[in-house]
Structures are given as C-alpha cells and as structure tokens.
Amino acid sequence: MPYIDWKKLKARVSLREILAHYGLLGELTDTAHGFEGVCPLCGSKAFKVNVEKNAWFCFGTCKAEAKAKGEQAGGNILDFVARMERVSVKEAAARIVAWFPEEKGGNEPMQKQEDAAPRRQEPAGATGGEGNSKPLPTPKEAPRAAPSVPDFFDFENKPLSFALKGIDAGHEEMVALGVTAAIATRYGAGYFTGKGSMAGRVVFPFHDEGGQIVGYAGYEAHDRSWKYPAADKFNPARAVFGMYQAKDDGAGVDMLAVCRTPLAALQYRSAYPAVIPIAITTDTLSAYQEDVLADLMNGREQLLFIAAREDLHAIDILGRLLERYFVKYVRT
Ligand SMILES: [Zn+2]
C-alpha cells in the first residue's frame, strides 16, 4: 500500500464530500454548524456533523458502545469511513484516496515511502547511531491537524464533588493484574468494594494539574471492559491519566511512557519503576494532551509508546508523537 499522508488527506477531502459519497447529504438536516439526523452507523437520530471542524459525533447507540470501550463516538473522515466500511483507519485512508484521487499537477507529488508502518527512530547517538545516519529531511512547517474530538463538544473537566470510598489497592485482583499495592496506592487506584456503577471494577482516578480527581475509569477484569463517566460529565480529550503523579515523580527519571489505558500505565510502572507512565485514552492526541506531554517531557526527546496490537488508533497517535519526539514503540 503506498504511503498516505493522513494529515494532507484530512485537509484535502472534507467530511461533506464523504457524506455525499455515501449519498447521505439529502437525509440530514441543516444546522448552524453543519448537519444532523439519523446516524448511518447505528440508526439513532443523534448524528451531528460540524462542517467547519470536519468532525462528526453520534450521541446515540454509537456513544453508548464507544463509552464501554473507552473510545469516542465521533471523529474525522478517517474515523467515519473506517466505521462505515468496518475497516482499519489505514484501510479507510486508502479507500478515500481511491474515491478522491489527488489531481495531477496538484500541489506537490506524494512523498514516496515504503509503507505507512511506524518508523522507529533512535535518538542521535543512542545506539550505535553512525551506521544508518542519513540526515532526516527538514520537515516543512505544516498546519497542525485538528484533534478528532470535535471542539464543539470540548469542555474542561471539573474536580468531582465526591471521591469513591472503599478502594482496595492491595486487592488480589490488583496482584493478578500485575499492579503492586504501592503503585496502586500512589495513583489512588484499586479494586472498588462499594456499590453502584463501578461495583466489582478496578477504578483509576484521573487527576487534574492540581491533583484533584476529575473522573474515574473502571475496569472489569473478566470481560476486559472499560467504563467511563458519561460524555457530558468527563471529557477524556482534556485528561491525561497519571499526569499529576508524573509531574511529581518525574524529576530525575529516565523515561516517560505513553500508554493507552490506566491499567497498562500502572502495570508498566509496577514492572519498571524507573519509567514514569501516563495514559492517553482517546483515539487521537488532543491539543490539550499534546501540551501536557510537552510539559512533562520537559526538554527530553525520547519517549516510550506502548500500545496493543489491536489498538486501531495507536498509529494515528504514534504519527503525532513522531512529529516531536524520538519514539520507541512497544507493541503488546
Ligand atoms: Zn450512531
């Protein structure tokens, strides 16, 4: 598959064109910012499109399903086509290019690269760097891609007015998951022994910069499902799990690890105490998360990115990280 620049593709093909490709424009009604109507993915009458932001969101069944997986029920053209076609984001990009081929004599020829597989970059001089030291091409200044979480649903997280009581950091389930009691305690995580929607789950609090809890994620070890607060209560695009602890514990630490779930972050720190983990749980890197990360990196250039093989959005985030850092990509 030829290399496709996702950022350019998103800038070149609008969400309106994609909706027209599917013959959906006539079925949606106009709103101040775009369209709304029946969701082509789930059939709920809760589909909204912002044409200025090139973003879509479904507040219906999609949202409920995505929430269970800790994902967002919306995004950009790539997310939309991936779900419509039931293919990976990479394959969605290829299909969009096939439907909307780049005009000849356009801006510039597509860059030739072998494929879109993640490049592994090593920091200069880290590991016998001399051998393959072709200088990297100077990157052109490109406009930053918009986060795929639509801005019009973007809001700051407020500190919760309550804290869950009955969190057992040393519970046998934590041990089974590979999280030590000391690490769980440090992050306020543990098996929740109380009642309510988080009953029987391992809970992980998200803190804001000041260390206040803004939301809990709950993990059910048996079906490996995640539970997050309602989308109007907690905005995962304005949250980075572990950032408060990373700020405190990060001085003098060699490496920051970007994980994809709070559990992965704590498993990682339990196994490698010298690595400070955070978790980005959204399907793309928001501007807020990018800023938090830059702050935590504090001039350091190399980080670890840890993602599961089946994580479809990992490549998108990896691409964003590679724009700024040397990334060691660990697939689990
Ligand atoms: Zn839907």
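Visitor: Where does P101 lie?
Guide: This is a predicted model. In it, P101 lies in a loop. That loop runs between α5 (89-99) and β6 (167-168).

Visitor: Is P101 buried or exposed?
Guide: Exposed. P101 has 9 other C-beta atoms within 10 Å. A residue counts as exposed at 12 or fewer, so P101 qualifies.

Visitor: How far apart are P101 and V13?
Guide: In sequence, 88 residues. In space, P101 and V13 are 9.8 Å apart, C-alpha to C-alpha.

Visitor: Let's zoom out. How many helices and strands does the protein have?
Guide: There are 11 helices and 14 strands. The protein has 332 residues, and 37% of them count as buried.

Visitor: What about contacts between residues at least 6 apart in sequence?
Guide: Of those contacts, 57% join residues at least 24 apart.

Visitor: Now helix α9. Why is it largely enclosed by the rest of the structure?
Guide: Because 8 of its 10 residues are buried. Helix α9 covers residues 262-271.

Visitor: Which residues of α9 are buried?
Guide: P262, L263, A264, A265, L266, Q267, Y268 and R269.

Visitor: New topic: strands. In what sense do β13 and β14 pair?
Guide: Parallel, over 6 bridges. β13 spans residues 302-307, and β14 spans residues 326-331.

Visitor: Which residue in β14 stands opposite F305?
Guide: Y329.

Visitor: And what do β13, helix α11 and β14 make?
Guide: A right-handed β-α-β unit. The helix in that unit, α11, takes in residues 314-322.

Key. Residues numbered from 1 in each chain as written. Predicted model: local features only at pLDDT ≥ 70, side-chain atom pairs only at ≥ 80, totals over all residues. Helix = DSSP H or I, 4+ residues; strand = E, 2+ residues; numbered from the N terminus. Buried ≥ 20, exposed ≤ 12 C-beta atoms within 10 Å, placed from the backbone. Contact = placed C-beta atoms within 7 Å. Pairing = 2+ DSSP bridges. Right-handed = clockwise from strand over helix to strand, strands pointing away.
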